[in-house]
Amino acid sequence: MTARPPVAPPPPRPSWRIALGWLGWIALFGGVTLLMLALRDRLDKAHVALAYLLVVLGASARRGRALGLLLSVLSFAAFNLLFLPPYYTFVIANPLDWLALFAFLATSTVATQLLYRAQAEAEAARRRAREVDRLAAVGAEAINAARADDALAAIAAVIRETLDLESCDVYLREDDGRLRAVSATGADVPAAPGIADWVAANARAALEGVDGVAHLTAAGDDLAATAAPAAASRVLYLPLLVHDRVVGVLRVTARDTLALDPARRRVLSALTYYAALGAERVQLAREAGRAEALREADRLKDALLASVSHDIRTPLTTIKALAHDIAGGGDERALVIEEETDRLTRFVTDLLDLSRLQGGALHVSPELAAADDVVGAAVQRLSGTPGNERLHVTLDTEHPLLVGRFDFVHTLRILVNLVENALKYAPGAAPVELRVRRDGADLVFDVADRGPGVPPHERERLFEPFYRSQGMAPDVGSAGLGLSIARRLAEAQGGSLAVEDRPGGGSVFRLRVPAADLGPGSDGGGMPP
């Protein structure tokens, strides 16, 4: 589909053609007067009035109100002088003829005025139709363009052709804050001048005079405010606004001097809005492309992690088996190999699980389970961990039977990870508390320590993959995946994991999973903090 070209208004008539038209109608008036004068004895006053009225209306319709009023006055004088006795004098014998004479003058004047108003309204309607056609052309150009940049260039080209400008350029703001030019003329556009940067920064219009001096509008002024100095200006800069946000700058350059009458300002204002939408489309297309590139990179990263994790696990198993055999011969170095192999295996397993979680491939099976069972399993799992004697477990004494609907294996993994982190970062002999309580519809596991705490700006980043706090030691035996996996496992079974400050110092990692009720009266409240 090809867009319709914008309909241009008809060109103004030359002054000599206007003067010739006036002379023609005055000559017609004289001819009609001579013809009626030859037939004066056969004509009634009504015939004369109707003949002159036709001439006046015809002249008004063809040449405008001024000629119509002139012929009304001439007809009034000729009517009195030539067709009302006594002839060739402005004296009227019958006083009633004054009524007819002034009725003719009033009728011709009113008819001329009404005809002029009707023509003005018709011209306004045609002008609005042309504006609608221009806007339709802009919309068609924007829709037909496959690329956002092409659509914006097409819109700028329509603006240039519609307003008969020398050039129309659009400057778009890049990610680094600089303005990039999109030309409607096909020529190379120079870098955005400083005045364009000012317009983009202040969201206000500006004019550049023929002498190169910039005229900046006052705060709050709109396009209408640029009309005053426009006679001495050639370049206009307008901010492109979408929801009070500047998405670019429109720069229009007139061929001679910029003339912005109300009609042109109205058209330019409407077309500028289309340009703003085109600029926003370019930005949205750019952001969509960037997001798609990130998604593709993330997909490739997950695929690579999964592939590498699978490939590494096999040699790790072989290394551990060989180290175990060597350790049986009394070589203590084989024990170190086994420990480091186990550490590397956990890291590879975490990578594989993270890729599965992000891809939605890790299976989670929430089912009814008792809180004391998963806590007991966690304590048993941590029995060989250094410092496990510092772990203190507290269950809700008011509601000893705490049951939830969660995945037992994954919840156990989360608790073990949280307690291991707390034991690792808590100072000296400071105890680590594992508390379980009921809080409304949630079963809450709190792991509290007396460590250095987590700054507020790091609380969410702490759960990002591979993130390590700035105050963390260079090598603490962690790759920064445990908390990220723990939160995803919690969310996968309908729960949540967050960190808060602990009164008196330290942190509280709070795991929430859906609670379950086994019977009436079993949904009690929570334990006091």
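Q: Two strands count as paired if DSSP finds at least two bridges between them; which residue, then, stands opposite Arg510 in S13?
A: In this predicted model, the residue that stands opposite Arg510 in S13 is Ala498.

Q: What makes strands S12 and S13 a pair, and in which sense do they run?
A: Pairing needs at least two bridges, and S12 (residues 496-501) and S13 are joined over six bridges in the antiparallel sense; because six meets that requirement, the two strands count as paired. Val499 stands opposite Phe509 in S13, and in the hairpin of S12 and S13, which has five residues between the strands, Gly504 takes a positive phi near 95°.

Q: How do you know that S11 is paired with S13?
A: Strand S11 (residues 442-448) runs antiparallel to S13 and is joined to it by seven bridges, and since at least two are required, S11 and S13 count as paired. Here Val447 stands opposite Phe509 in S13.

Q: Why is strand S13 described as largely enclosed by the rest of the structure?
A: Strand S13 covers residues 507-514, and six of its eight residues are buried, so the strand is largely enclosed by the rest of the structure.

Q: Why is the aromatic pair of Tyr52 and Phe104 called tilted?
A: The structure holds seven aromatic pairs, and in the one formed by Tyr52 and Phe104 the ring centres are 6.4 Å apart with 50° between the planes. Because Tyr52 lies in helix H2 (residues 45-63) and Phe104 in helix H4 (residues 96-144), the pair ties together parts that are 52 residues apart in sequence.

Q: How do you know whether Tyr52 and Phe104 are buried or exposed?
A: Buried means under 20% relative accessible area; Tyr52 has 0% and therefore counts as buried, and Phe104, at 4%, counts as buried too.

Q: What makes the pair of Phe79 and Phe104 edge-to-face?
A: The centres of Phe79 and Phe104 are 5.8 Å apart and their planes stand at 85°; because an angle over 60 degrees counts as edge-to-face, that name applies. Phe79 lies in helix H3 (residues 65-83) and Phe104 in helix H4, so this pair ties together parts that are 25 residues apart in sequence. Both residues also belong to one aromatic cluster, formed by Phe29, Tyr52, Phe79, Phe83 and Phe104.

Q: Why is helix H1 called roughly antiparallel to H2?
A: The axes of H1 (residues 15-38) and H2 come within 11 Å and cross at roughly 170°; angles over 145 degrees count as roughly antiparallel, and therefore the two helices are described in that way. Among the residues that make the contact are Trp22, Trp25 and Phe29 of H1, and Val48, Tyr52 and Val55 of H2.

Q: Why does Leu69 count as partly exposed?
A: Leu69, whose place is in helix H3, has 34% relative accessibility, and because this value lies between 20% and 50%, Leu69 counts as partly exposed. Leu69 and Thr109 are 40 residues apart in sequence and 6.3 Å apart in space, C-alpha to C-alpha, and, not counting residues up to four places away in sequence, Leu69 touches Thr109 and Thr112.

Definitions and conventions
Residues numbered from 1 in each chain as written. Predicted model: local features only at pLDDT ≥ 70, side-chain atom pairs only at ≥ 80, totals over all residues. Heavy atoms only, no water. Buried < 20%, exposed > 50% of the residue type's maximum accessible area, 1.4 Å probe, protein only. Helix = DSSP H or I, 4+ residues; strand = E, 2+ residues; numbered from the N terminus. Phe/Tyr/Trp six-rings, centres within 6.5 Å; stacked < 30°, edge-to-face > 60°. Axes fitted to C-alpha atoms, helices over the stretch in contact; angles between N-to-C directions. Parallel < 35°, antiparallel > 145°, perpendicular 65-115°, else oblique. Contact = heavy atoms within 4.5 Å.
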